[in-house]
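Q: Hey, I've just opened this one and I'm new to it. Can you walk me through it while I ask things as they come up?

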Amino acid sequence: MTTTNNDARNCRVVIIGAGMAGILTAIKLREAGYEDFTIYEKTDRVGGTWRENTYPGIACDVPAHLYTYSFEPNPDWSSTYAPGPEIHAYFERVAEKYDVIRSIRFNEEVPHCEFVDGRWRLRTSTGREDVADFLIAATGVLHHPHVADIPGLDTFAGACFHSARWDHGIDLADKRIGVVGTGSTAIQIASALTAKVGRFDLFQRTAQWIMPIDNSPYSDADRAAFRNDPAKLAAVQQQVNDDFEIFSNAVINADSAEMKAVEDACLANLENNVPDPVLREKLRPNYRAGCKRLIFSADFYDAIQRPNAHVITTAIDRIEPAGVRLADGELRELDVLVMATGFRADSFIRPTTVIGRNGVNLDDVWADHPVAYLSISIPEIPNFFMLNGPNGPVGNFSLIQIAEYQVGYILQLMDKIRAGECRAISASREATEDFERRRSAAAKKSIWATGCKSWYLDKNGVPASWPWSRAQFFEEMSTPKIEAFDLAS
Ligand code: NAP
């Protein structure tokens, strides 16, 4: 059966979240002929994680020319790994250019949605009632800050905030700054700040492997060439894509030669660039590189070897008004304390209540841990789809690339309804259980399962990520296997 734009106009779609994936969904919906859609965005600006995270040094560790919508290349990226504000500006620009802004209701959260009589009924934080045929959660992966529960935290007399809530009102020059954590965020903060502050204390519970990268800026001539010669831009995109594919495929096989090469590069980085043996041993992890989210940095080792920088490996006992009291009794006096302690990685969509068919509540479905068929669809929750949902390739691909494939897949499912083949569609229980069984088994062979603690692991210790190749992901996303879905008329 053929479909027409007229059919599409009869379907109303609600998207939750105006970050990278929400903007993308709006663009692709309109392209497919859907005109009746609204994005509900809880804040007053687009950009998701790039709006929220503004800490010094923020950048994307996926090469910029890969972290770009395929349909909107950007010849003007300033360097291989673009800084956060540039990425945020890119999303704002794209949202303007594709006229997405007019479809966004800002400062309006969606706390409750329920599938009633074949349609989604929503209530927003302003009291608005909305009804839609499809609900698409583009709510991001890491957006609920995890503030480590350290005794005495609220007694600290100086400024104290989570890395995703950076207080730009504080002049850091000459101040004593403490950063708790050694994830990608803390490492970027350290790289950006040690040269600018009085003293920098990095409170490290677990050392990190650092993959060296070349983050040379693109010259004006490079950017002009990218602007004027599409072939040059396509070539740089292809290059970063191919380089990244090696990494993507390495991490899914802990025993691969490619993984060994990554580990060797990290080890050489540590051995060759940290001459002080005491500091070197402090910074040497006791697990395999890539087990935790690998950190890509051109300058962390240089930054942390400045005389005013200290890696504190003694455990934190408590926080006091004057600073951090260590387990050995030492007090590290501080003016500013930054909690770079990560995010609650399993809080997809929450705190939104999602109620599917027959009162099935997503919170109950996910009581153990979040599971979805191909990260996209959940049994008994029809006409509801997720972008960058649980157990997707968060650790190994560009999230933009993933989302583009997922939107293409979701649109094909929506077309079934638009074409009148059914009225409701959701993954079947059997397909979801089978997928999760196969996924978990394969994930245990990945580098993430080689014995470390990380946010990639679900509460059963299984890596919550796509454990197969990029080629397999693209293939799986190309056409839905319709037998994996329950179609209701
Ligand atoms: P994270 O990787 O979860 O790191 C949190 C850090 O806080 C860890 O070092 C952890 O120590 C430490 N920590 C937590 N609770 C603690 C406690 N009670 N006492 C002491 N230390 C504690 O968080 P993140 O650095 O914000 O990064 C999260 C993810 O965001 C990254 O993995 C990445 O996917 C994404 N990110 C990406 C970029 C990018 O460039 N694309 C940049 C920043 C972030 P343990 O290791 O011992 O648990």
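Q: Is Asp 242 buried, partly exposed or exposed?
A: Asp 242 counts as partly exposed, because its relative accessibility is 35% (buried means under 20% relative accessible area, exposed over 50%, and partly exposed in between, with a 1.4 Å probe and protein chains only). One thing to keep in mind is that this is a predicted model, where local features need pLDDT of at least 70, side-chain atom pairs count only at pLDDT 80 or more, and totals for chains, interfaces and linings use all residues. Residues are numbered from 1 along each chain as its sequence is written, and side-chain values use heavy atoms, with hydrogens and water left out.

Q: Where does Asp 242 lie?
A: In helix α7, residues 230-251. Helices (H or I, at least four residues) and strands (E, at least two) are DSSP runs, numbered from the N terminus.

Q: OK, the ligand next. How many residues surround the ligand?
A: There are 24, and the closest are Thr 182, Thr 185, Thr 206, Lys 292 and Trp 455. A residue is near a molecule or strand if one of its heavy atoms lies within 4 Å of it.

Q: What classes does the shell have?
A: It has 9 nonpolar, 10 polar and 5 charged residues. Here Ala, Val, Leu, Ile, Met, Phe, Trp, Tyr, Cys and Pro count as nonpolar, Asp, Glu, Lys and Arg as charged, and the others, Gly among them, as polar.

Q: Which helix gives the most to that shell?
A: Helix α5, residues 184-193, with 3 residues.

Q: Which atoms of Thr 206, Ala 59 and Asp 61 come up against ligand oxygens?
A: For Thr 206, an N or O atom in the side chain is 2.4 Å from an oxygen atom of the ligand. With Ala 59, a polar backbone atom is 2.8 Å from a ligand oxygen. Asp 61 has a backbone N or O atom 2.9 Å from an oxygen atom of the ligand.

Q: How much of the ligand does the protein cover?
A: The protein covers 84% of the 910 Å² of accessible area that the ligand has on its own. Those areas come from the Shrake-Rupley method with a 1.4 Å probe; for residues, only the protein chains shown count as cover.

Q: Switching to the inside. How many residues does the largest nonpolar core have?
A: It has 139 residues, and those with the most contacts inside it are Phe 91, Phe 200, Phe 384 and Met 414. A nonpolar core is a set of buried Ala, Val, Leu, Ile, Met, Phe, Trp, Tyr and Cys residues joined through side-chain atoms within 4.5 Å. The largest share of this core, 10 residues, comes from helix α12, residues 399-418.

Q: What does Met 414 touch?
A: Leaving out residues up to four places away in sequence, Met 414 touches Val 13, Leu 29, Tyr 34, Phe 134, Ile 136 and Phe 385. Contact means heavy atoms within 4.5 Å.

Q: What about phi of Asn 107 and Asn 383?
A: Asn 107 has a phi near 55°, a positive value in a residue other than glycine. Asn 383 is not a glycine either, and its phi is positive at about 55°.

Q: Last one: where is Ser 297 found?
A: In strand β12, residues 295-297. Ser 297 is buried, with a relative accessible area of 8%. A polar atom of its side chain lies 3.0 Å from the backbone nitrogen of Phe 300. A polar contact is a pair of N or O atoms within 3.5 Å; within protein, one must be able to donate a hydrogen and the other to accept it, and residues adjacent in sequence count only if both atoms are side-chain atoms.
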